[in-house]
Every structure is written in structure tokens, then in C-alpha cells.
Amino acid sequence: MINTAEYGNTSWELSVQVDQRDGDEGMRFKLRVKGDLHIGGLMLKLVEKIKAPQDWSDHALWWEQRSCWLLKTHWTLDKYGVQADADLRYTPQHKPLCLQLPNMKTVKLTVSYSAVVFKTVAEICRALNIRRPEELSLLKPPDNLPKKKKMKKDKNPALEDILDMDIFNGGSGGTGERSRVTIAADVIDRWLDSSRSLMEQGIGEHDRLQLRFKYHCFFDLNPKYDAVRITQLYEQARWSILLEEINCTEEEMLMFASLQYHICKMTISTEPLDFSNEPEIDEVEAALSNLEVTLGGKTDRILQRVTVWGHNLFTFFPKSFFCCCFVSYPRPKRLALRSYKEYWFVFKDTTISYYKNKETASGEPIEQLHLRGCEVVPDVNVTDKKFGIKLLLPVADGMSEVYIRCDNETQYAKWKAACTLASKGKTMAYSSYRSEVKNIQSFLQMKSLAPPPGQSAPDLDAMEMNAECFVSPRYTKRYKPKQLTARILEAHQNIASLSLNEAKMRFIHAWQSLAEFGIKYYIVRFRGSKKDELMGISYNRLVRIDMSTGLPVTTWRFANMKQWNVNWEIRQVAIEFDQNVSIAFSCVSCDCKVVHEYIGGYIFLSTRSKDQNETLDEELFHKLTGGQE
């Protein structure tokens, strides 16, 4: 019985459900409280009434109707707005979660359901030994997962096929069947909000989520420290290609297939990963490699005769070189044939100048193209002897395109390396120029289907390979298994000497070089427009795309962004760029918070440097990505 004194004018009865661990049945209690009782006092009062000898330190109060945690223990019930009709749960903050990794295997982890997703992902990555957790996030599985056979009664389907943590010892999962899961369209976003907790987003105990690299900006990949990170990144890249989430040419598909086959062979045949033999990089040497070398005194010229689309020219290294190329504005879709106007191009330091012809190169150029901050996109088909470079140059209203066609692999490697360095504000005198050239040449060699000189063709009858596991469905329909096997093995001869880690890194770098790498698409409507368009978001730019033609209309670089904000009342994103360029759009296929988080996330990642320790500035992340609602 409750006496009259306890029925004060401001007291009322509050119902609280208490969840126990290990599947024990919950209990419900009713407490007589006042509005000025703080949350910590309510929990103390509840534990005293439960009278159960157990550790309650991980428990916290969850408000069902509001879908929020009451974690500020110094706040009162009045401040939170808790009244007699509130349905509260006293529940553990850490609960089991079934997590599908990028290699399509699932582990069960106990994670925080009360911390924001950004913190929970960091906690997961610590458990899995994955550095740079800011690059990853959690997303919901697609709704169209295939249904399993009916299970026995009382059996939890979420706990089926859960793997132990020992899968992280370097296994690639390369020999398994291709997943039958149909990936949801790019315009449907399933990523969780990084600034809210799992419970606040409807994720319950034993639910399934996917852990993926969300931000395609991979910082400081080091085989010595990143064995798990590299393996899972390779797996995400592999499945994105097999499931045709990203387009690639037939030549590129065969290159990826040969690398998968090689990695699969190496994983099965080698000992567990041992990084003790990995060459260590001296700190002084690493620092020197990042310093630009200033050349003084007499400099030798490396003179090379080259041909660009039928025109002879000379190139000079390392200070400057001259080239002739064709310029096209804009380029038609799928390399449709068109006429080009010829100019004489001079590449010096980080600037390209072009002239009417070679004889006028001593005078004023028609125009100068500054490569600092540009995008350098390969346009290569080794089989067809096509070695092209596309330059996306920043201009006031977005980006313009310039196309250069090289005559051979050697010339392409040097030009591509020079353009890449120039885009970063560096010249060919920079110490990494030669290694960049070698890396590009190695990449071209991987794409070549011809066996190395002096090496005989593989014996198909002696080989056992399920070729269909290494290519996307379109190629399994186009070729017979024996034809695919022959082509994969031909391509494999060029990379057969790679170590396991080298092969994974080559695969990742090749994935990053694809034209559509890292672009996430959303349907938007620009201010003043009456039609829907696609907005592509990449790690360094926004791309406006015409939905009817699939062609890019305008590109804006994050480097030229001055500010962006969201009008939460009308759900509109507004962005201001340099030179008084501004855009505004509303999101049709997702909430504007999704696009806001992507933009803010990439801006956050751009602030990282090797000089910093690996402590995340969580406050800055939420400042750049969080909503203002």
C-alpha cells in the first residue's frame, strides 16, 4: 500500500520494462516518480526495486515511443518530456549484431546499440583489426534477399551460418559461389545515419547489417599494418565487379579475373600471412620521397621521339616536354567518331599551352591549361593499342574536358605520370615520377592478354578452374567456360610472379582507375528545373548527369567549394563554389541528410594527414555531417 504522503500533487506512476541478458524473461515494474527526478536517480530507484544480484552498469533507459536513449543521467524527467504515458525499457546498451563483411561472410559481434553509428563502426573496426574506420559504415541489406528454406521452430534465422573471427587470417573466399543477392539500384540508399544510434534507426538485437567501405578515399594503405583492411577492401572491389555494380571493359574484366585466380591460388597454397619479410620503409627515406627535388646546375635532357595520332614531336624530361594533341569539347558518348582540331601543345611544369602549329610556339599561346587540381582519367585499351588520357580541368562553372592520345605504352606511361603529378601541383622533377611511370607500365602489362616474351601458352587440359567464378554474368553468357579459362590463363601469365599482397593491391589500384569508381548516384531536382536529374557524388567532385542520355552535364570539385548548407524546412542542399558559382537541389530518391553526410564525410577525410595520429576527430566529423534539425 502507498500512503497519502507519497501521492504528492506532482507524483505519478511510471512503467519500466527491464530486459535481462542471456535471453532471460524480462520484468515490468511500476515506480512512483516526480518530474524533477533525474535519470540517474530513476535508474537507482529501479535497481533497488529489482533486487537482483547482477551488474547493471551496461543498462540504460530506452524510450520506445520517441525511439531515443535517455543517456544524460543528470537530466530530469521533465527536461526529457517523460510523462505517465511513457513506455520505458531498462535494457543493455551492448547487444549481439550479425555483421556481413565485404567478403560476404558473416560474424556475430557484441556492439553498442546506444552510441552513434560512427562510434559503433570504430568499435567494430578495433575488434576486427581494421585501421581507418572513418572510411567504413553500416548499411541495411537489400530487401530482395532470397528466402531460405523453412527452419525449425524456435530457431533464430539470424544466427545461421555465422562464422568465427578466425576468418580474418587472410582468407579471400575466392573459391565460393557467386552471391545470388541482387544489388539494389544505386539511387536507393541503405546507409545508416552516422550521427544516430542503431536502436534509433530501428536495428534490433541479432539483426543483420553489412559493413562496407562507404567513402572511397583509402588513406595510407600499408601491407605491414593493414592485412585485414586490404583483404576486405579487395573483397568489396571484387564483388562490386562480379555483381556489375561498376562497369568495366572486357579487357579489364579479364585482368580482374586473372588477379582473382592468382589470389585464390596463392591463398590456398601459401602459409598463413607473415609480414616479417615485408621491406620496412626508413622514416628518413619516406620523408625524402615526399620532398620535391630542386634541380640546379646543368641538367641533362632526355630526348625522345614520339608520335601522337600521326604527328611527330619531341619530348624533353625532366623539366618540360612538348606534345601535340587534339582537343574536343565535349566528348560524345562511347567514343563515337568525330573530327578533331589539331594544335601544337607544350607541357611545361604544371601547365599546358597550345598553339596553332609548331612554328608559332615561340609566341603567345592560344590558351594555357593549368593542370593543378584537374582530374586525370585513363582511356586505354591495350589490345586495340589505344592509349588515351582524359583531363578534367576546373573552370568557373564546373569542369572542361581535354583528350590526349598517345602512340604507345611507354609514351602513355610518361605522359600519364606527368599529368598526375601536375594535377597535384608537382613537376616531373618530383622524386616519385619514375616510380609512377613504372607503376603505370606494370598496370598496362597486367591488361595485356599476350604472354610475356619467351613464355609458352598454358596447357588448358592440365588446369582446373571454375572460370565463371571470376567474371560477371554477362561474360558467362558470352563465352563458354573453356574459352573463358583460356583467356584468363593468358592474362594470368603477366601477373604470375606477384605475391599475395601485391596482387590484392594491384586489384585495388585497378579498381580505383575505373571511370565510375566511387561514384554514388542519387536522383535530384535542381532549383529552377522541372525535371529530375542524376547527381553523382565522388571522393573529390559532384557530377550533374542528364538522366535521358546518361552524359555528364557539369562537374564541380570539392576543392573549389566555399561552403554548403541544408535548408531543413524545404529539404534543399545549397552549395557555393569559387568564382560566384552556386547550385541548389532537392533530393528525390533519398533524404537530403544522406547527400549532406556524403559531402561532409569526404571533406572530413580530406583533412587527414600522415603527420596526425590515428585518433579520430569525432566532433569535426559530426559538425560536417550532422543534421541541424
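Colleague: Which residues does Ser137 touch, leaving out those up to four places away in sequence?
Modeller: Ser137 touches Val117, Val121, Trp191, Leu192, Ser194, Gln210, Leu211, Arg212 and Lys214. A contact here means heavy atoms within 4.5 Å.
Colleague: What kind of model is this, and how are the values set up?
Modeller: It's a predicted model, where local features need pLDDT of at least 70 and side-chain atom pairs count only at pLDDT 80 or more, while totals for chains, interfaces and linings use all residues. Residues are numbered from 1 along each chain as its sequence is written, and side-chain values use heavy atoms, with hydrogens and water left out.
Colleague: OK. Where is Ser137 found, and is Ser137 buried or exposed?
Modeller: Ser137 is found in strand 8, residues 136-139, and counts as buried at 2% relative accessibility. Buried means under 20% relative accessible area, exposed means over 50%, and partly exposed is in between, using a 1.4 Å probe and protein chains only. Strands (E, at least two residues) and helices (H or I, at least four) are DSSP runs, numbered from the N terminus.
Colleague: Switching to charges: how many salt bridges does the structure hold?
Modeller: The structure holds 25. A salt bridge is a side-chain nitrogen of Lys or Arg within 4 Å of a carboxyl oxygen of Asp or Glu.
Colleague: What does Glu576 pair with?
Modeller: Glu576 forms a salt bridge with Lys562, with the closest N and O atoms 3.6 Å apart. Glu576 lies in strand 24 (residues 572-577) and Lys562 in strand 23 (residues 561-567), so the bridge ties together parts that are 14 residues apart in sequence. Glu576 is partly exposed at 27% relative accessible area, whereas Lys562 counts as exposed at 51%.
Colleague: And what about Arg571 and Asp591?
Modeller: Those side chains meet in a salt bridge, at 2.7 Å from N to O. Arg571 is in the loop between strand 23 and strand 24, and Asp591 is in the loop between strand 25 (581-587) and helix 12 (592-605), so that pair links distant parts of the chain, 20 residues apart. Arg571 is partly exposed at 26%, and Asp591 also counts as partly exposed, at 36%.
Colleague: How far apart are Glu597 and Lys593 in helix 12?
Modeller: Glu597 and Lys593 are 4 residues apart there, about one turn of the helix. They form a salt bridge with the closest N and O atoms 3.1 Å apart, and both residues are buried.
Colleague: Which residues are linked in a network of salt bridges?
Modeller: That network links Arg131, Arg132, Glu134, Glu135, Asp220, Asp226, Arg229 and Arg608.
Colleague: What stands opposite Phe585?
Modeller: Val573 does, and Phe585 is also the bridge partner of Phe526.
Colleague: Last one: which way do the residues of strand 14 point?
Modeller: Thr351, Ser353 and Tyr355 point one way, Ile352 and Tyr354 the other, and all are buried. Strand 14 is joined to strand 15 (residues 367-370) by 4 bridges, running antiparallel, with Ile352 opposite Leu369.

How values were computed: Two strands pair if DSSP finds at least two bridges between them.
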